[in-house]
Amino acid sequence: MSAEATNPANPGPVAPAPSAVPTAARRKSRPRIDLRRLGRAALLGPTARTRLPDAISHVVEAHRAHHSDADLEPLRRAYVLAESSHRGQMRKSGEPYITHPLAVTLILAELGAETTTLTASLLHDTVEDTDVTLDQVREQFGEEVRYLVDGVTKLEKVDYGAAAEPETFRKMLVATGNDVRVMSIKLADRLHNMRTLGVMRPEKQARIAKVTRDVLIPLAERLGVQALKTELEDLVFAILHPEEYAHTRELIAENTARTDDPLAEIADDVRGVLRDAGIQAEVLIRPRHFVSVHRVARKRGQLRGADLGRLLVLVNEDADCYGVLGELHTCMTPVVSEFKDFIAVPKFNLYQSLHTAVARADGQVAEVLIRTHQMHKVAEAGVVALGNPYAPGADDPADGERADPTRPGWLSRLLDWQEAAPDPDTFWSTLREDLAQDREITVFRPDGGTLGLPEGATCVDAAYAQYGEDAHACVGAGVNGRLATLSTVLRDGDTVQLIMGQDPASEPSREWLEHAHTPAARIAIQRWLAAHPAGAEEPETRTDTDTGTRRAGAHTGAHGGAGAPAVRPSTSVPAGRPRGADVLVDPPGAVVRLAGCCTPVPPDEITGFAVRGGVVTVHRVQCAAVAHMTSRGRAQVGVRWGETTACRVTLVAESFGRPHLLADLTEAMALEGAEIVSATVEPPTEQRVRHTYTLQLPDAAHLPALMRAMRDVPGVYDVSRAQHQAPAS
């Protein structure tokens, strides 16, 4: 921390020009802060108990802008303690060390942090770098400030690199998860150190930049602190990719020098449209930061004027957001493919906004962000805008306890992952994989709920996101109304229906790990496999003490994987051929045979064809064989049902593999009075199993009830009458 200082004579390549990179958190009316002047004020300014030191005047100004009635006395006392404790300590640039906690506190104040966070920010280095103790902090500022200072101090001792000690990192990050303000201070601390990193050796700059890129920037993204994330990205970009950074800077400079500004012209058009519609809105031009410009350049090639920024429309109410959207899409040319609604479906990091784009006649396309002022505050500051997570709200108990003080959801889930992880290494490796995911998709549940998943997530991930460890019993899924395997990769906007088995012996497959991308899924599966090493064996190596039919069910797709043995046939034809339904034929006396390809039963509409030996085969009218024989000129024979209602029918059941499925199916058929004549169970393919049963029914009227009973068996997703394909002509 103290080593990461600046040398004005050698600023390094890390600080973009103020005119080129707008900092969203910095207010336009407030000039850039001179940290050297603040340092001198820290040493020479008044310290009377009744006055605020001049050195924190900028912090107070920023804090008052967000919290007009804040009590400033804790800030005054925290500054006095920090200044006296750090007195005599200098940064490598020669500035008084107190300039660092002042700068960190100013960053947080501009983001809207509440007084307790700012107090802890001023003191965040005192316990680590001075003689001040945590007990002293508690005595003067209370337990809450002590907890925050202790959390930041612990985070400073963590090695975030590849050689990080997983258990240490896990403990530190979990401590952070219990109060998001700890990480807020840490991120602001890293931002100031990155701003002033030029004095370091190039290799140390690169090492710190890589840690920032791999761990802290993804954390800032997940906590929704976009103002910090974007500036950190630019500073890292300048260190790790100096040539590309310089080229991007030239592109921005060239655009700034242009006499015409298409984005400004489109902004004027948008203002006119909204003014005519009577919608009160503020339309701002929001220049892209360096990394965003670089990404757009790589995606689109030659940049045009409107590509270097976006329009931001701020309104007062949620409904006004959709009013603005309607007017823009009505009066201008929308690019429909660019529309996204993050208001109805907020991102996992609290972000809410409508995204769209409008095009001019000359081909210039401007991206437009539409949000309320409150949404904008949260979009920029994320968890910092939440304030004190323990302060009682309108619906919270008076004692200050809150059901979930770790918002947003990602940080809440972090605590669940670490509790479920079988060991620290699993938690650490899984967390790093999750941090590497920089895009999220939203999928919908049939009940209208949503699930936020990383890009590339599968149905396995959706199952564990929705059901937790109960997802071990998941036997299949439907995506957008169609059956899908659990390995199916989901896309943004998909609707996912998860099919859950009811067998308590259901278990996950080791193969699921290949398709799991979220920490929740991977940790739950790994935890189960670690606790049930025998359950990880392949189906062929297992033993089963059940009867032959039940054993076949257990083997058939127990995990839904390939390699399970086929079951052909599992039951034999009983002695004595059962009698089928009567069929009357014209002319009378001909031998009648029900076709095996469609197994017609009353009251199916039927037709017949004469075959060799004077036999008449009877088919359902919809059977593919009827169209085939008719096309070849075969004459149809008139047939009709007689009075006997007993029948034989062939049914095809499609299911997801699970233990004991075959036994449950045969039991369901027996309860409906069906007698199995023959059965064939094909080898499972991609977790799906196809069963074919020829059944004898005492009454054809029972067929619909039989098919419903078979469909109700857990794991069975379809039952249909057999329908063979017609032979090729």
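The legends below describe close-up views of a predicted model. Residues are numbered from 1 along each chain as its sequence is written, and side-chain values use heavy atoms, without hydrogens and water. Local features need pLDDT of at least 70, side-chain atom pairs count only at pLDDT 80 or more, and totals for chains, interfaces and linings use all residues.

**View 1. F237 and Y245 form an aromatic pair.** Rings of Phe, Tyr and Trp (its six-membered ring) pair if their centres lie within 6.5 Å; planes under 30 degrees apart count as stacked, over 60 as edge-to-face and the rest as tilted. The structure holds four such pairs. The one between F237 and Y245 is edge-to-face, with 6.0 Å centre to centre and 80 degrees between the planes. F237 has 5% relative accessibility, so it counts as buried. Y245, at 6%, is also buried. Buried means under 20% relative accessible area, exposed over 50%, partly exposed in between (1.4 Å probe, protein chains only). Ring pairs link F237, Y245 and F290 into a cluster.

**View 2. Y464 and W512 form an edge-to-face pair.** Their ring centres are 6.4 Å apart and their planes stand at 75 degrees. This pair links distant parts of the chain: Y464 is in helix α20 (residues 459–467), W512 in helix α21 (residues 512–515), 48 residues apart. Helices (H or I, at least four residues) and strands (E, at least two) are DSSP runs, numbered from the N terminus. Both Y464 and W512 are buried.

**View 3. Four strands make an open sheet.** The order is β19-β20-β18-β21, with antiparallel pairing. Two strands pair if DSSP finds at least two bridges between them. β19 (675–681) and β21 (716–721) stand at the edges with a single partner strand each, so one side of each has no neighbour in the sheet. Five bridges join β18 (residues 647–656) to β21. S655 has V716 in β21 as its bridge partner.

**View 4. Helix α25 (residues 661–671) packs on the sheet.** Helix α25 touches β18, β19, β20 (688–697) and β21. Contact means heavy atoms within 4.5 Å. The direction of α25 makes about 25 degrees with that of β20. Axes are lines fitted to C-alpha atoms, for helices over the stretch in contact, and angles run from 0 to 180 degrees between N-to-C directions. Helix α26 (residues 703–711) lies across β18, β20 and β21, at about 155 degrees to β21.

**View 5. Confidence is lowest in helix α23 (residues 548–555).** Its mean pLDDT is 32. pLDDT is the predictor's confidence in each residue, from 0 to 100.
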